[in-house]
Amino acid sequence: MITDVNGDAASHLLCIRDLIQPFPPSGVLVVVPARSQLMVLPLTDISSVGWLDVLANAGRQSFLDASDPLSPDVYWVDGANYERFEQTHSAGETVLHPPPAFHAVVQRLAQRALRRVDAVA
């Protein structure tokens, strides 16, 4: 998480590709719950996807608690494009609906993991 007491952390999203080195081929997931906070989850392998709910919940709670709230939304950043996850809330649960292009990323990460398993077997 990037924090900045001057409220500039959110602006780092514009140069995220330069901040995360090496930038993962599958991109990163980000939440900007407040002007002073930027949460980043690099998508390095399929296990990274398992942290999506944690990121979303932490982002939502930080948004609710922030003195300078910005957005509880999760975005997938591939280095050039920013795709927002739709969110619905029911019975205290947040349900994320990824953008269509993100499904292909998850599939590639899963296939890469399966190739590693096959190579070991």
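Predicted model: local features only at pLDDT ≥ 70, side-chain atom pairs only at ≥ 80, totals over all residues.
1. Residues are numbered from 1 along each chain as its sequence is written, and side-chain values use heavy atoms, with hydrogens and water left out.

2. How many aromatic pairs does the whole structure hold? A search finds 2. Rings of Phe, Tyr and Trp (its six-membered ring) pair if their centres lie within 6.5 Å; planes under 30 degrees apart count as stacked, over 60 as edge-to-face and the rest as tilted. For Trp76 and Phe102, the ring centres are 5.8 Å apart and the planes stand at 65 degrees, so this pair is edge-to-face. Trp76 belongs to strand E4 and Phe102 to helix H4 (residues 100-120), so the pair ties together parts that are 26 residues apart in sequence. Helices (H or I, at least four residues) and strands (E, at least two) are DSSP runs, numbered from the N terminus.

3. Phe102 has another ring partner, Phe85: this aromatic pair is edge-to-face too, with 5.1 Å centre to centre and 65 degrees between the planes. Phe85 sits in the loop between strand E5 (82-84) and strand E6 (86-90), while Phe102 is in helix H4, so parts 17 residues apart in sequence are tied together. Phe85 is buried, as is Phe102. Trp76, Phe85 and Phe102 make up one aromatic cluster.

4. Which residues of H3 are buried? They are Leu52, Leu55, Ala56, Gly59 and Ser62. Seen down the axis of H3, the buried residues fall within an arc of 135 degrees, so they line one face of the helix; the arc is that of the directions from the helix axis to the C-beta atoms. As background, an α-helix has 3.6 residues a turn, so residues three or four places apart point the same way.

5. What does the buried face of H3 pack against? Its buried residues pack against strand E2 (28-34), strand E3 (37-42), helix H2 (46-49), strand E4 (74-77) and strand E7 (93-97). Contact here means heavy atoms within 4.5 Å. On the other side of H3, Leu64 and Asp65 are exposed.

6. Strands E6 and E7 deserve a look together. They pair in the antiparallel sense over 5 bridges; two strands pair if DSSP finds at least two bridges between them. The two strands form a hairpin with 2 residues between them, and Ala91 in the turn has a positive phi of about 50 degrees. Glu86 stands opposite His97 in E7.

7. The loop between helix H1 (16-19) and E2 holds Pro22, and a cis peptide bond joins Gln21 and Pro22, with omega about -5 degrees. Phe23 has its place in the loop between H1 and E2 and is buried, with a relative accessible area of 13%. Setting aside neighbours within four places in sequence, Phe23 is in contact with Ile16, Arg17, Val28, Val77, Asp78 and Gly79. Pro25 is also placed in the loop between H1 and E2; at 76% relative accessibility, Pro25 counts as exposed.

8. Ser48, found in helix H2, is buried with a relative accessible area of 6%. A polar atom of the Ser48 side chain lies 3.3 Å from the backbone oxygen of Pro42. Asp73 lies in the loop between H3 and E4 and counts as buried at 17% relative accessibility. Leaving aside neighbours within four places in sequence, Asp73 is in contact with Val30, Val31, Val32, Arg84 and Gln87.

Notes. Buried < 20%, exposed > 50% of the residue type's maximum accessible area, 1.4 Å probe, protein only. Polar contact = N/O pair within 3.5 Å; in protein donor to acceptor, adjacent residues only side chain to side chain.
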